[in-house]
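I opened this entry to keep track of what I looked up, item by item.

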Amino acid sequence: VPTPQVCFGSYGQNLVTDNISVVEGEVAIISCRVRNNDDSVIQLLNPNRQTIYFKDVRPLKDGRFQLVNFTDNELRVSLSNVSLSDEGRYVCQLYTDPPQEAYADITVLVPPSPPILEARDDLVSEGNETELSCTAMGSKPAASIRWMKGPEELQGETMVEETYDHMFTVVSRLSLTVTREDDGVPIICIVDHPAVKDLQTQTYLEVQYKPEVKIIVEFPEGLTREGENLELTCKAKGKPQPQQINWVKLDDDVPSHAVIKGSDLLIENLNKSYNGTYRCVATNSVGESYDDYILYVYDSRAGEGAPQKMDHAVVGGVVAVVVFAMLCLLIVLGRYFARHKGTYFTHEAKGADDAADADTAIINAEGGHNNSDEKKEYYI
């Protein structure tokens, strides 16, 4: 962005120009502008204070300077094919009393050469560390370097060196520990510089890793029963691809009539003596991995006629209804017994109420005690 340089003179005149940043080899435009000019003369001087243009006349014999516009208020000049030797302070001068000057600093930007990306290792095994370097040479000012691993930005260590001609070389080094997921992932070196856009280079990680092993049951689909066949397939993937796949039985030998063909294992006419753990082992130059299959042979009729599974939701609903009904019954019975608790009637003094006097009442009551058939108690 140009920075205006303003010089104020007498009678309200002022001289204005701008600082300029230009890429080497491109065109720079120098503009000397006057506000409220009173017919004073404008001229442009180079950093050595040699006159480039006096009004619209070019005394300097350098054909790269060309007049773009000349009026009483502006002197505009272009400089083509800019080089580092053109860098410096240019002077806009206005002949007033006293003379006015404004300064335009030209900064020449030099883009770096295409970046050089180098990897310490062509191949790296998972879990190991590798190092990459990216170099951006011959720039002004110094470039900055960023690293990307796929969509992830990484931080490298940067070293900046200034050369004898005031140019800069930047080297960035990136160290990382790789996993099998990094295989084929791009590592990108991005160079940022004001003189150039989208300057980058990339390489791809080559990661070797042990096999990934998985046993697939091809037959049967359900239970393994006596008299049936068992067919297993060992799926193994690695980098490099496994050179060897072996079937073993832990703590015992594989049945003698078992057929092993490449990654497939076939055992016919199963019986319970074949029970055990069968292991598939895959090996490549990085290492070995395995997967296990546990064989349990069921009776020949196992699983037949098994009752259908009851719907758990239905069972749960029935249980809930029964529990609710029992709670209701307990509440009703509890309230009933609480209401009638302690109600007690006795008739052992029956007849005393009808006696004429106290003696007769006692006689009648005693008589009631002597007659066991007339003594009754009721409890509800």
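The notes below follow that order.

**Entry 1**

I am working with a predicted model. I started with an open sheet of five strands, and its order reads 12-20-21-24-23. The pairing in this sheet is mixed. Which strands sit at its edges? I found strand 12 (124-125) and strand 23 (259-261) there, each pairing on one side only.

Next I looked inside the sheet. Strand 21 (residues 230-239) pairs with strand 24 (residues 264-267) in the antiparallel sense, over four bridges. I picked out Leu230 and looked for its bridge partner in strand 24, which is Ile267. As a reminder to myself, strands of a sheet pair through backbone hydrogen bonds, either parallel or antiparallel.

I then turned to an open sheet of three strands in the order 22-25-26. Its pairing is antiparallel. Strand 22 (244-249) and strand 26 (288-295) each have a single partner strand, so one side of each has no neighbour in the sheet. From one strand to the next, the twist averages 20°.

Strand 25 (residues 276-283) pairs with strand 26 over eight bridges, in the antiparallel sense.

**Entry 1: the cores**

Which residues touch the most other members of the largest nonpolar core? I listed Leu44, Phe65, Tyr90 and Ile106, out of 24 residues in that core. Several strands supply at least two core residues each, among them strand 4 (28-35), strand 5 (42-45), strand 9 (88-94) and strand 10 (100-109). A second, separate core has 19 residues, including Leu174, Val191, Leu199 and Val207.

I went back to Ile106 for its contacts, leaving out residues up to four places away in sequence. Ile106 touches Ile20, Val22, Ala28, Ile30 and Tyr90, and also Asp86, Glu87 and Gly88.

**Entry 2: Thr169**

Is Thr169 buried or exposed? Its relative accessibility is 14%, under the 20% cut-off, so Thr169 counts as buried. Thr169 belongs to strand 17 (residues 168-177). Beyond its neighbours within four places in sequence, I found Thr169 in contact with Thr135, Ala136, Met137, Gly138, Met159, Val160, Glu161 and Thr163.

**Entry 3: the loop between strands 4 and 5**

I looked at two residues here. Asp39 lies in the loop between strand 4 and strand 5. Asp39 is exposed, at a relative accessible area of 64%. Asp39 and Tyr95 are 56 residues apart in sequence, and their C-alpha atoms are 9.3 Å apart.

Asn36 is in the loop between strand 4 and strand 5. Asn36 is exposed, with a relative accessible area of 57%. Its phi is positive, about 60°, although Asn36 is not a glycine.

**Entry 4: backbone exceptions**

Most residues other than glycine have a negative phi, and most peptide bonds are trans. I checked for departures from that. Asp198, not a glycine, has a positive phi of about 55°. Asp198 is placed in strand 19 (residues 196-204) and counts as exposed at 76% relative accessibility.

Where are the cis bonds? The bond from Lys140 to Pro141 is cis, with omega near -5°. Pro141 lies in the loop between strand 13 (129-139) and strand 14 (144-149). The bond from Phe219 to Pro220 is cis, with omega near 0°. I located Pro220 in the loop between strand 20 (207-219) and strand 21.

Terms used. Residues are numbered from 1 along each chain as its sequence is written. This is a predicted model: local features need pLDDT of at least 70, side-chain atom pairs count only at pLDDT 80 or more; totals for chains, interfaces and linings use all residues. Side-chain values use heavy atoms; hydrogens and water are left out. Two strands pair if DSSP finds at least two bridges between them. A nonpolar core is a set of buried Ala, Val, Leu, Ile, Met, Phe, Trp, Tyr and Cys residues joined through side-chain atoms within 4.5 Å. Buried means under 20% relative accessible area, exposed over 50%, partly exposed in between (1.4 Å probe, protein chains only). Contact means heavy atoms within 4.5 Å. Axes are lines fitted to C-alpha atoms, for helices over the stretch in contact, and angles run from 0 to 180 degrees between N-to-C directions.
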